[in-house]
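Please read it alongside the sequence and the 3D view.

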Amino acid sequence: MPDFRSAWPVTPLAPQVMVRVERGMPDLSPEIESRVASHWNTALAKHPTLYNGRVFCADVIGAEIISGHWSEYRRVLAQMQEPDLYGSEILRPLAVVGLLQTTDGIVIGQRSEKSIYLPGYWQGAPAGNVESRDGETQIDLGAQLMAECLEELGLTDVACQIGACLLACEHPQTHIVDVGMNITTSLDFETLKERCSRLGNAEYQTLMLIRPEMTLPAPLVPTLSAMLEQSR
């Protein structure tokens, strides 16, 4: 069994797993709020374009249902900098990650060296936090991933199709939970790469086409390893 399963816990998911908001955002004590603000201000000084949006955090991860609450990105970022900040009240921010199949192979992306989270790592593309766009109480993971396709790769729903959910994979330090999902596109890799360069947001410093016989680049986000293993 691959090492990533002990380091990054993996939960198999139903193809159409439901994600539901089941409680409000918890209050913070003045002391914790002060520490969150300090981490946020430090991050803003380095990354002035950071936006404190609402992100979904999982309380319970099951194969059929993931339940949780909306939180603030600044709270999530503070936990990334100080993993024990909330004690037993750990935030598990949910993210969507694609396993993108083109006509000639699977596409992966190398995260920018300027990224706050896992700079330089190779991962499934696209990927991004599950965000609140309309104050929703039930989350459409397919719509979330489709929004990332457009933002990061310049792909519209005409050019690609979101498929089934595969698994959830949790980073043991930051507790970010990746939900891996299938994506298929009618484009070949070169066309996709050109579209990403022209319309994408430069999230990835490099895109790569991989095939079964290839040696994978390093370092890899374990979610990608888990998705590739399941897709074999």
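## Aromatic pairs and pockets

Phe56 and Trp70 are both buried. The model that places them is predicted. The count of aromatic pairs comes to two. In one of them, the rings of Trp40 and Tyr73 have their centres 6.0 Å apart and their planes at 80 degrees. That angle is over 60 degrees, so the pair is edge-to-face. Trp40 belongs to helix α2 (residues 30-46) and Tyr73 to helix α3, so their pairing ties together parts 33 residues apart in sequence. Trp40 and Tyr73 are both buried.

Phe56 and Trp70 also form an edge-to-face aromatic pair. Their centres lie 5.8 Å apart, with 85 degrees between the planes. Phe56 sits in strand β3 and Trp70 in strand β4 (residues 65-72), so this pair ties together parts that are 14 residues apart in sequence.

| Aromatic pair | Centre to centre | Angle between planes |
|---|---|---|
| Trp40 and Tyr73 | 6.0 Å | 80 degrees |
| Phe56 and Trp70 | 5.8 Å | 85 degrees |

Next come the pockets. How much space lies in the largest pocket? The volume is about 1,100 Å³. Its lining has 35 residues. Leu50, Tyr73, Arg111, Asn129 and Glu203 lie nearest the centre of this pocket. By class, the lining holds 16 nonpolar, ten polar and nine charged residues.

The second largest pocket has a volume of about 310 Å³. It is lined by 13 residues. Closest to its centre are Ile106, Arg211, Pro212, Leu228 and Ser231. Two or more lining residues come from each of β5, β6 (105-111) and α6 (222-231). Seven of the lining residues are nonpolar, four are polar and two are charged.

Is Gln144 buried or exposed? Its relative accessible area is 3%. Buried means under 20%, so Gln144 is buried. A polar atom of the Gln144 side chain lies 2.7 Å from the backbone oxygen of Glu131.

Definitions and conventions:
Residues numbered from 1 in each chain as written. Predicted model: local features only at pLDDT ≥ 70, side-chain atom pairs only at ≥ 80, totals over all residues. Heavy atoms only, no water. 1 Å grid on protein atoms, 1.4 Å probe; cavity = no way out; pocket = protein on both sides within 12 Å on 5 of 7 lines; lining within 4 Å. Points joined across faces, edges and corners; volume = space filled by probe spheres on them. Nonpolar A, V, L, I, M, F, W, Y, C, P; charged D, E, K, R; others polar. Helix = DSSP H or I, 4+ residues; strand = E, 2+ residues; numbered from the N terminus. Buried < 20%, exposed > 50% of the residue type's maximum accessible area, 1.4 Å probe, protein only. Polar contact = N/O pair within 3.5 Å; in protein donor to acceptor, adjacent residues only side chain to side chain. Phe/Tyr/Trp six-rings, centres within 6.5 Å; stacked < 30°, edge-to-face > 60°.
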